[in-house]
Amino acid sequence: MKKEVFGETRGGSTVTAYTLENSNGVSATVIDFGATVVKLMVPDKNGTLRDVQLGYDDVASYEDGECFFGAIIGRNANRIKDGKVTIDDVVYQMDQNDHGNNLHSGNKGVDKTMWTYLPKDDPNSVSFICKSNDKEQGLPGNVTMTVTYSLNDDNEFKITYDAVSDMKTVINMTSHMYFNLNGHNEGNVEGHIVTLDSDYYNPVIDDKAIPTEENAPVAGTVFDFRTPKAISQDVNKGDIQQKYVGGYDHNFVINGTTGEFRHFATVYAEESGIVMDLFSDQTGTQFYSGNFIVDQKGKDGVDYHFRSGMCLEPQYIPNAMNFIPEGDADSPIFDADEHYHTESVYKFSVK
């Protein structure tokens, strides 16, 4: 594993970059600010390495950025209606940082936090730990979170999440990596071909993007990705759900059982020939087609725009803590000292 200084935060903390590399030339670079993936190099069909991850070259841009490029999201990913969570009849108020709702844990999410590197003997993995203090995000409990990134010679980039709280609370973490399998500097992702092993998705109520409590069938809708389909095929069809969020920004319920590690998605870019297969043990995945990427400078001076990247974020169903009963396998509410653990794998190949 390679270590080097990436930069310094405005608060004076030194940010370090850690690079994992396998025997095939695949490499992943992660910084300890936000436990953020800043680079993901993958060989294309001609053997040329392409950086398939959107991001920035400097710490200040990650501090200021509003797209969450490559960051770990926690304690809670996605949106919570009105920023309110009720636990044991106590109502907890979180930041209302997104149209009156809470998004990605608000202004004190761990994506803007310095994580602590955990030394270990394994040269193929890197781990970070951080703590979210009681009421820091408006939620109860002191929560300790650990994230481990690993890379093997099968081109599997794995993220392992662990967390525990000293009080009953919400825990629902994910990675907000933005992928462009042609390269972060290669325009939009509308030509990417996506397959999702999902029979149901969660419609949103309106343009505030809070989902209903319905698992709606994808059959016969623009949300049917059960067979390979280019994003461009239906993304601009004018469906009311797409009008609400400018394209795709919805949770898809992964077929199978929560807690069962399973394949749930394939993404293919014909120009590069790069294929990405995704695996998770989570309930669902948020498929986001990059509708809110504002014009900005990314790595290497590249201009990022609308749909320059796409996300597939394994997680519990958004706002589930407010309608799925505690104790259910699909509930993100965890008792004091109950261990939260989930894994995701991004496997790369070419065709």
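Trainee: In what order do the five strands of the open sheet lie?

Mentor: This is a predicted model, in which local features need pLDDT of at least 70, side-chain atom pairs count only at pLDDT 80 or more, and totals for chains, interfaces and linings use all residues. Residues are numbered from 1 along each chain as its sequence is written, and side-chain values use heavy atoms, without hydrogens and water. Strands are DSSP runs (E, at least two residues), numbered from the N terminus, and two of them pair if DSSP finds at least two bridges between them. The pairing here is antiparallel, and the order is β1-β2-β3-β4-β5.

Trainee: Which strands are at the edges?

Mentor: An edge strand here pairs on one side only. That applies to β1 (2-8) and β5 (49-51).

Trainee: Which residue is the bridge partner of Pro 43 in β5?

Mentor: Strand β4 (residues 36-43) pairs with β5 in the antiparallel sense over three bridges. Within β5, the partner of Pro 43 is Leu 49.

Trainee: Why is strand β24 described as largely enclosed by the rest of the structure?

Mentor: Gly 284, Gln 286 and Tyr 288 point one way from β24, and Thr 285 and Phe 287 the other way. Buried means under 20% relative accessible area (1.4 Å probe, protein chains only). Strand β24 (residues 284-288) is largely enclosed because the number of its five residues that are buried is five.

Trainee: Which residue in β27 is the bridge partner of Gln 286?

Mentor: β24 is joined by five bridges to strand β21 (residues 249-253), running antiparallel, and there His 250 stands opposite Phe 287. Five bridges also pair β24 with strand β27 (residues 311-315) in the antiparallel sense. In β27, the partner of Gln 286 is Glu 313.

Technical notes: Helices (H or I, at least four residues) and strands (E, at least two) are DSSP runs, numbered from the N terminus. Buried means under 20% relative accessible area, exposed over 50%, partly exposed in between (1.4 Å probe, protein chains only).
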